[in-house]
Amino acid sequence: MIDPAVLQQLSAIVGPDWCLTSPADLLTYSYSATPRYQRLPDLVLLPRTTAEVAEIMQVAHANRIGVHTRGSGTNLSAGTVPVDGGIVLALHRMTSIKEIDQENLTATVEPGVITSKLHQAVEALGLFYPPDPGSMNTSTLGGNMAETSGGLRGLKYGVTKDYVMAVEAVTADGRIFRAGGKNMKDVAGYDLVKLLCGSEGTLAIITEITLKLLPLPEAKRTALAAFADMDSAARTVSRIIAEKIIPCTLEFMDNGTIRAVEAFSQIGLPVDAEALLLIQQDGPQMICERDIARIAEICTAEGAFSVKMATDPTEEAALMAARRGAIPALARRRPTTILEDATVPRSKIAPMVAEIRRIAAKYNVDICTFGHAGDGNLHPTCMTDERDGEELHRVEEAFAEIYEAALGMGGTITGEHGVGESKSPYLEWKVGPVGIDLMKAIKQAFDPLGILNPGKIFAKESRKRVVVRS
Amino acid sequence: MSQVKLPVELPEDLLVSCMRCGFCLPACPTYREKEVESASPRGRIALIRAVMDERLAILDIAEKLDACLGCRACEPACPAGVHYGAILEQGRAAVTAARPNPWPMRFAYHYLLGSPLGIKLAGWGLWLYQRLGLRRLARALGLVERIGGKGLADMERAVPKAASPWRRASLRRLTPAVGERRLRIGFFRGCVSDIVFFETNRNAIEVLSRLGCEVDLPPGQGCCGAVHGHAGEHDLAVAQAKRNIAAFEQGGYDYIVNTAGGCGAALKEYGHLLAGDPAWAERAKRFATACRDFSELVDQLGPLPMGAMPGTYTYQDSCHLRNVQKVSQPPRNLLKAIPGAEFVELPESDRCCGAAGTYAITQALLSDQILDRKSGQVRSTGASTLVVANPPCQLEMIEGMERAGLADRVQVKHIADVLAEALRRTT
């Protein structure tokens with residue numbers, strides 16, 4: 001519980017309308033998009049300015065109150081769930097796009113700007129902000145930076161951290177600082193900008209972000225290829241890259257996902273296909289045409305039994321519908337949908353998909369896999385029921401083994417969802433004891449009292465590696 | 001902790017199926033205005049679930065549920081197909097059980113909108129009120145505002161003159177098809193529509209008959225029950241549904257047609273409403289599948305002969321016509337087909353205007369905030385006619401045009417009135 005005098009101080013900073021204490025309001029900030037994680041905060045604050053954030057942190061610091069920064073609450077690693085109560089600091093009211101600099105090709109935004117709103121604003125000027133996480137119509141750019149969100153265009157264009165050039169942030173004790181700038185070259189000291197990318201609200205509170213922009217590509221071409229086996233699809237991916245073509249999107253769906261999408265939306269997908277690849281290239285018109293034609297040839301040469309090409313936006317939308325339908329189709333199947341993001345080097349996609357299938361069968365759980373084949377970021381998605389404890393236990397065991405398999409192939413436990421609370425028991429598997437020590441030392445330097453998003457990234461106890469691989 | 005339980009068993013799967021992904025947030029008009037999670041669909045589902053899990057009392061969340069428009073724009077946005085409307089209605093029923101509606105509302109739900117006779121009496125009452133100078137007296141005394149608050153007073157000002165009781169009684173039961181009979185239609189008059197928008201219903205019948213429909217007005221029909229369901233009066237909603245099903249099922253109709261997007265959505269959901277009642281489930285399903293919105297059927301049967309009606313037209317979706325009935329193209333197709341008319345899309349026409357049934361009365365401030373944003377968007381189109389497909393939207397937008405000082409520049413018309421006028425211009 002927060003002392004009434006402190007509560008009054010905090011309420012005075014943001015104004016009573018934006019200091020929420022009713023049981024109903026607290027409940028609606030007790031969760032994120034991560035199934036099964038929910039805890040009540042003691043207080044929700046919705047500041048509008050950096051100065052308010054700084055004042056809040058001064059009070060929180062003086063009284064050692066935990067602060068959980070939150071945007072729209074779309075994260076999938078329980079990163080914004082207030083583990084031990086305290087304050088939820090919701091920044092979704094800081095929604096100003098402060099500047100779009102057409103000379104330096106940058107956009108400066110407040111952290112609560114919705115990702116797709118920035119897309120619309122810059123595209124109206126012929127500019128391009130590539131990161132497009134699945135939740136982009138809801139997610140905030142502050143959250144994207146804190147989680148280093150990826151999306152469908154990662155292969156060619158990278159992820160959020162590749163676009164963050166400068167940041168304004170508030171420290172745990174309430175000081176405001178800036179790092180980076182609009183300079184393409186800047187080696188003045190440690191790179192605090194990149195350090196804050198993916199820091200999940202544990203190092204500082206991001207209050208302003210300057211993002212790099214690109215010119216909007218002139219054209220886009222899309223193809224959808226169906227394969228009778230996983231290996232030919234994987235070979236196709238490798239060969240496209242080996243031929244020095246980097247498509248902007250190279251998405252994959254397994255047979256389970258294809259069947260689910262077709263059952264739900266009847267768009268004529270080949271339900272016998274073991275794999276579908278959705279491939280998109282953007283850029284100057286002529287290069288687009290050349291690349292997509294060559295990509296289609298490669299698909300056929302590697303054994304695709306069907307290759308469809310879109311020639312206009314309507315046809316393109318029809319092809320994209322296959323991939324867009326994946327989550328809706330899977331989510332309708334059972335009450336609870338657990339969307340994971342185990343990631344492997346691109347060359348390991350086929351063995352990884354086979355491993356996931358083997359593991360799902362071993363634990364008798366329903367897992368379908370789709371994801372970003374081009375960058376190795378897979379989304380094994382488990383359909384289950386959070387009310388069935390026994391089944392959930394099997395799901396947990398299966399995912400532990402999937403992480404283990406990904407690590408065994410040189411992959412990682414999370415490609416774009418972050419560690420948060422749900423992956424924290426597995427972090428040491430990936431980074432090792434030395435890595436954990438270094439990360440904890442960084443955390444200590446930024447937040448000696450441990451009030452910024454407490455309970456995240458670092459687990460009280462790492463999970464034992466029970467799975468012995470042959 | 002309150003012991004109030006949800007009165008009707010809500011399938012728990014319905015609540016658990018919300019993944020909390022938040023994809024509904026950008027679609028929600030109240031979340032945009034209030035900027036807090038408890039004003040979002042995801043938040044409200046979490047709140048109702050917390051009541052079911054006995055972590056919150058129903059009265060803790062009452063005010064949060066009151067603030068929902070019930071526009072259901074969240075449903076098309078939901079990747080998991082969560083049936084938000086059903087969840088909300090059950091939540092509201094629980095609220096009403098713990099905190100009964102205020103007496104003027106209860107009176108209206110039970111007696112005025114609760115039976116065909118009540119609707120008739122309400123029609124008389126409104127007509128007398130408007131004709132006998134009572135209206136001026138009531139306004140001078142601020143009576144309406146005192147009974148129903150600012151929202152009701154605003155609405156009262158926007159209500160057009162009710163048709164006289166004898167004019168309403170003059171409507172023939174059966175209107176034959178013009179030319180060869182293609183279809184036999186059972187026409188659902190509605191309650192507010194039948195009193196305040198009587199001419200709209202007449203016009204719709206004229207258009208349908210011109211397209212070869214024989215239109216019958218079966219007696220015994222009443223209010224669709226939407227207003228009851230939205231207000232948490234679940235039992236009354238069920239009673240209306242049963243009465244209407246009984247009134248229509250012997251008529252041998254090809255379709256059951258109405259002109260109110262909100263009512264039509266309620267009619268089409270009778271199957272869900274009565275799914276748990278073995279004696280009625282099948283009958284309700286049959287009734288629901290026969291229901292069509294006026295514009296849906298006209299677009300299907302067309303082309304309607306139309307004379308020139310120059311002007312710039314724009315269209316505000318009825319939320320329940322769009323989000324629940326999934327009818328959004330037919331009204332647009334029809335308007336675009338009017339000779340000499342220019343059709344301009346209204347920005348965010350898929351967002352609620354703030355009327356939302358009785359919302360404009362019960363949540364006047366937030367409703368006005370939403371309405372003013374909408375009126376500004378109407379202004380930006382430069383349209384001379386704003387077309388609607390649902391009587392409450394029509395009342396709300398008339399009020400909106402007045403508030404925005406656009407009343408003399410923009411006419412607010414129901415699509416049936418527009419089409420009937422175009423039809424009469426063919427000579």
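1. Helix α23 of chain B covers residues 364–381 and has 18 residues. From its first C-alpha to its last, α23(B) reaches 26 Å, close to the 26 Å expected at 1.5 Å a residue. The expected span is 1.5 Å times one less than the number of residues. Helices here are DSSP runs of H or I with at least four residues, strands are runs of E with at least two, and both are numbered from the N terminus. After α23(B) comes Gly382(B), with a positive phi near 70°.

2. On provenance and numbering: this is a predicted model, in which local features need pLDDT of at least 70 and side-chain atom pairs count only at pLDDT 80 or more, while totals for chains, interfaces and linings use all residues. Residues are numbered from 1 along each chain as its sequence is written, and chains are lettered from A and ligands numbered from 1 in the order in which they are written.

3. The buried residues of α23(B) include Leu366(B), Ile370(B), Leu371(B), Lys374(B) and Val378(B). Buried means 20 or more other C-beta atoms within 10 Å of the residue's own; exposed means 12 or fewer; partly exposed lies in between, with C-beta atoms placed from the backbone. Val378(B) counts as buried because it has 24 C-beta neighbours inside 10 Å. Beyond its neighbours within four places in sequence, Val378(B) is in contact with Thr314(B), Leu346(B), Ala383(B), Leu386(B), Leu406(B) and Val410(B). Contact requires C-beta atoms, placed from the backbone, within 7 Å.

4. Chain A meets chain B through 27 residues of chain A and 25 residues of chain B. On the chain A side, α2 (23–27), α12 (326–331) and β16 (336–339) each supply at least two residues. The largest share, four residues, comes from α2(A). By class, this side has 13 nonpolar, nine polar and five charged residues. Ala, Val, Leu, Ile, Met, Phe, Trp, Tyr, Cys and Pro count as nonpolar, Asp, Glu, Lys and Arg as charged, and the others, Gly among them, as polar.

5. Chain A has an open sheet of seven strands in the order β15-β12-β14-β13-β17-β18-β16, with antiparallel pairing. Strands pair if DSSP finds at least two bridges between them. β15(A) and β16(A) stand at the edges with a single partner strand each, so one side of each lacks a neighbour in the sheet. The twist averages 20° from one strand to the next. Nine bridges join β12(A) to β14(A). Across that pair, Ala226(A) stands opposite Leu276(A).

6. Helix α13 of chain A (residues 349–362) packs on this sheet, touching β13 (249–254), β17 (366–372) and β18 (377–384). The direction of α13(A) makes about 165° with that of β17(A). Axes are lines fitted to C-alpha atoms, for helices over the stretch in contact, and angles run from 0 to 180 degrees between N-to-C directions.

7. Helix α10 of chain A (residues 285–301) has 17 residues. Its buried residues are Cys288(A), Asp291(A), Ile292(A), Ile295(A), Ile298(A) and Cys299(A). Seen down the axis, they fall within an arc of 120°, so they line one face of α10(A). The arc is that of the directions from the helix axis to the C-beta atoms. Their cover includes β12 (219–227), α8 (230–242), β14 (275–283) and β15 (304–309) of chain A. The face turned away carries the exposed residues Met286(A), Glu297(A) and Ala301(A).

8. A second sheet to check in chain A is open, with four strands in the order β1-β2-β4-β3 and mixed pairing. Its edge strands are β1 (19–20) and β3 (67–70). β2(A) and β4(A) pair in the parallel sense over three bridges, and four bridges join β3(A) to β4(A), also parallel. Both faces of β3(A) are covered: Val67(A) and Thr69(A) on one side and His68(A) and Arg70(A) on the other are all buried. Helix α1 of chain A (residues 4–14) lies across β1(A) and β2(A), at about 25° to β2(A).

9. Some backbone points deserve a look. Most residues other than glycine have a negative phi, and most peptide bonds are trans. Asn364(A) has a positive phi near 55° and lies in the loop between α13 and β17 of chain A. Asn364(A) is exposed, with 9 other C-beta atoms within 10 Å. Arg72(B) has a positive phi of about 65°, but is buried, with 23 other C-beta atoms within 10 Å. The peptide bond from Gly302(B) to Pro303(B) is cis, with omega near 5°.

Methods. Contact = placed C-beta atoms within 7 Å.
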